[in-house]
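User: I'd like to go through this model and see where its labels come from. Can you set the values against the cut-offs for me?

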Amino acid sequence: MDSTTMKATAHTNIALIKYWGKKNIELNLPTTSSLSLTLDKYYTTTSVSSAEIDSFVLNNQPADATRIHHFLNMLRKQLGDFSPLKVISENHVPTSAGLASSASAFAALTGVVVHELGMNLSNEELSRLARRGSGSASRSFFGNFAVWHKGIDDESSFAESLNASDMPIALVVAEVSHAEKKISSTEGMQRALTSPNYDDWLVKSANQLIDMQSAIQHADIDKVGSIAEDNALGMHALNLTASRQPFTYFTDQTQMILSLIQDMRHQGILAYATIDAGPNVKIITTKDEASTIVNILKNAMPTLAVEVAQSGPGISYD
Ligand code: ADP
Ligand code: DP6
């Protein structure tokens with residue numbers, strides 16, 4: 001690897017049909033296929049250079065390189081050996097707060113390492129590698145909508161772009177907290193697997209994926225939102241009903257926003273919630289209605305940080 005300073009930029013993605021469980025931990029094979037929207041607002045930029053040992057600098061601060069070292073060793077086995085790397089990364093997204101930093105992070109890292117090795121892999125092949133770093137990263141190579149096929153082995157578990165009609169979808173992100181979550185997604189989904197309702201959720205998720213793809217083809221944002229909300233609340237119900245260490249990512253503010261969303265719907269506003277491994281709420285709506293939703297949130301909760309995101313691009317290199 002030479003000492004060039006190429007950078008890869010990958011955007012985060014928000015799952016509308018969630019990945020919430022591993023069938024194979026070593027290979028990071030999921031129990032469900034999942035579907036996401038890539039966001040314009042939040043992204044990670046990463047570069048690498050040769051070093052004495054694998055190391056990691058995140059947002060200009062030395063950071064724990066354990067997870068990255070483990071991932072780079074996996075890449076060395078898959079792609080052929082390469083020298084230790086210093087990974088320099090900037091997150092334009094809060095880290096570990098349930099806003100999908102691991103998705104943009106491992107997509108950008110995979111992309112830049114493969115480019116620096118002079119290899120030319122398709123985004124589908126890159127997604128298969130990034131999946132091993134963090135499952136949700138498999139979907140961050142693609143702009144707009146992506147589907148991660150759960151597959152049955154390493155080869156068949158990868159993401160690809162979903163052909164979609166143009167639609168004016170927007171996501172209002174209520175940033176309840178930027179604090180690092182206490183229960184990582186990896187740990188949370190292991191607990192969720194112990195819920196007696198898990199098998200029912202698997203069946204429901206497979207049907208919701210089919211319905212979601214149809215809603216996207218028809219550019220039916222109301223349906224996209226309503227399926228996504230149902231899927232996300234189902235995921236969080238698994239956490240509450242886990243037989244081993246039940247838990248929730250919701251806070252009082254999360255609950256308050258969920259109830260405001262119900263009020264908005266009663267007023268005829270298109271607004272549906274999706275929530276990941278953290279208290280932040282992403283509200284699916286139309287570009288036209290986004291500012292109304294921001295105003296309602298700001299009036300009810302003046303200190304709440306709110307962002308409006310739209311569909312974002314796939315990975316890029318410069
Ligand atoms: P999030 O909700 O932000 O996705 P996760 O717990 O799933 O949180 O992932 C956060 C983990 O991802 C961090 O602990 C770190 O190991 C890794 N990570 C975050 N940002 C980066 C980055 N820019 N480069 C490499 N790894 C990162
Ligand atoms: C709730 O991809 O962070 O955001 O594979 O263990 O790194 P690991 O998990 P991660 O989990 C994401 C969970 C989710 C739903 C989703 O993005 O599909």
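User: Okay, which residues do ring pairs link into a cluster?

Analyst: Trp20, Phe247 and Tyr249. Quick housekeeping: this is a predicted model, where local features need pLDDT of at least 70, side-chain atom pairs count only at pLDDT 80 or more, and totals for chains, interfaces and linings use all residues. Residues are numbered from 1 along each chain as its sequence is written, chains are lettered from A and ligands numbered from 1 in the order written, and side-chain values use heavy atoms, without hydrogens or water.

User: What makes Phe247 and Tyr249 an edge-to-face pair?

Analyst: Rings of Phe, Tyr and Trp (its six-membered ring) pair if their centres lie within 6.5 Å; planes under 30 degrees apart are stacked, over 60 edge-to-face, and the rest tilted. For Phe247 and Tyr249 the values are 5.1 Å centre to centre and 90° between the planes, so they pass as a pair and as edge-to-face. By this rule there are six aromatic pairs.

User: Why is Phe247 called buried?

Analyst: Buried means under 20% relative accessible area, exposed over 50%, and partly exposed in between (1.4 Å probe, protein chains only). Phe247 has 7%, so the label is buried. Tyr249 is at 7% too, which makes it buried, and Ala192, in helix α4 (residues 185-192), counts as buried at 0%.

User: How do you know that Arg191 lies over the face of Phe247?

Analyst: The rule wants NZ of Lys or CZ of Arg within 6 Å of the ring centre and within 35 degrees of the ring normal. Arg191 is 5.3 Å from the ring centre of Phe247 and is listed as lying over its face.

User: How do you know that the span of helix α6 agrees with what it should be?

Analyst: Helices (H or I, at least four residues) and strands (E, at least two) are DSSP runs, numbered from the N terminus. The expected span is 1.5 Å times one less than the number of residues. With 20 residues (221-240), α6 should span 28 Å, and its end C-alpha atoms are 29 Å apart, so the two agree. Its buried residues include Ile221, Val224, Ala228 and Met235.
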